Amino acid sequence: MNPAIILLAAASIPMAAVSLYRYLEYRRPSSAAGVVGAGWSAAGVFLVSAGMPGLLLLPCLLAILLLGSMADLRHDRSRIVIVRTAVIVVLLVAVSAGLVVL
Amino acid sequence: MLGISAIAYSSVALMYAAFFAYPVSPAVPQSTFDFVIEDKEYSKFPSIHETIYTNGRALLVIATVRTVSAPSSAYSMIFDRVEGYAEEFVAENYGVEVDLREEESSASYPFSGHSAVRSVFGVYKEVAFGIEPFVTFKEVKLAEVGGLAWFCDVDFESVVLFYVTPVYFADDESLEALSDDLGSMVGEVQCH
Ligand SMILES: [Zn+2]
């Protein structure tokens, strides 16, 4: 295994750790989604090196984060959560549209 | 909490930086015949390695670049630029009155265990035949310019390869042999 690939996968570990810490502290669904998303990113690096199209990585990550953020919205309709959800939707649409155009 | 986040974000940034700086393992042909090899570390960040193989009028350039992934359209954009460079190279070597025409192009050409973007251009020139006043003009193919680009998912590297064959029309056996050598070099480039 190329050390560069291990470095790239390991870059997800700090985010997984922070999300896990937040989840244990506040039990928000978005933090759980952060843990799953970081896991997906790390796994995705190895999946790509095994032949999965790399273009699937980012949209799937955004979809996971969106699910978490939408679950937060059910209990917490504060402006910051609404804005965050909207930003993820915009990013997901932009990335998906970009992939179709490309 | 803010402190922990800051540490997390900066360590992520550091790891991404280390990934892009990690030296590539350059893609290489299996045999190099009598070609002169010039190796260059083109850039450290991102890591880009460039090898130039030359032998008279034959040229092969291979660049290996550290990338996360690359859609075919990015490679097509590289080729649009390569086409401009090729036109210049050809004009310098064969005179300005040559015509460069795209003859083959594929977005999913199986190559070195991957799916590559490929373009091949023919270099054409109007050549005069016969003695005055019985001169006829014929268009002949002088050489071929080709480009290949692909993402090596095994090593997380993109490879961009570009070649120019020697003159075909010279009726010279050594040039034909050189052309064959170049062909087998290009055909056997390995990236992982
Ligand atoms: Zn490869």
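Trainee: Is His192(B) buried, partly exposed or exposed?
Mentor: His192(B) is partly exposed, at a relative accessible area of 48%; buried means under 20%, exposed over 50%, and partly exposed in between (1.4 Å probe, protein chains only). This is a predicted model, where local features need pLDDT of at least 70, side-chain atom pairs count only at pLDDT 80 or more, and totals for chains, interfaces and linings use all residues. Residues are numbered from 1 along each chain as its sequence is written, chains are lettered from A and ligands numbered from 1 in the order in which they are written, and side-chain values use heavy atoms, leaving out hydrogens and water.

Trainee: And why does Cys191(B) count as buried?
Mentor: Because its relative accessibility is 5%.

Trainee: Which residues coordinate the zinc ion?
Mentor: His114(B) through NE2, Cys152(B) and Cys191(B) each through SG, and His192(B) through ND1, at 1.9 to 2.2 Å. Donors are N, O and S atoms within 2.8 Å of the metal (3.2 Å for Na, K and Ca); water is not among the atoms, so sites may look incomplete.

Trainee: How are those donor residues spaced in sequence?
Mentor: The spacing is H-x37-C-x38-C-H.

Trainee: What is the geometry of the zinc site?
Mentor: The site is tetrahedral, with angles of 102 to 115° among the four donor atoms; four donors count as tetrahedral if all angles lie between 85 and 135 degrees.

Trainee: Now chain A: what is the average pLDDT?
Mentor: Chain A averages 92, and 99% of the residues score at least 70; pLDDT is the predictor's confidence in each residue, from 0 to 100.

Note on methods
Four donors count as tetrahedral if all angles lie between 85 and 135 degrees; four count as square planar and six as octahedral if opposite donors are over 155 degrees apart and all others between 65 and 115; anything else is irregular.
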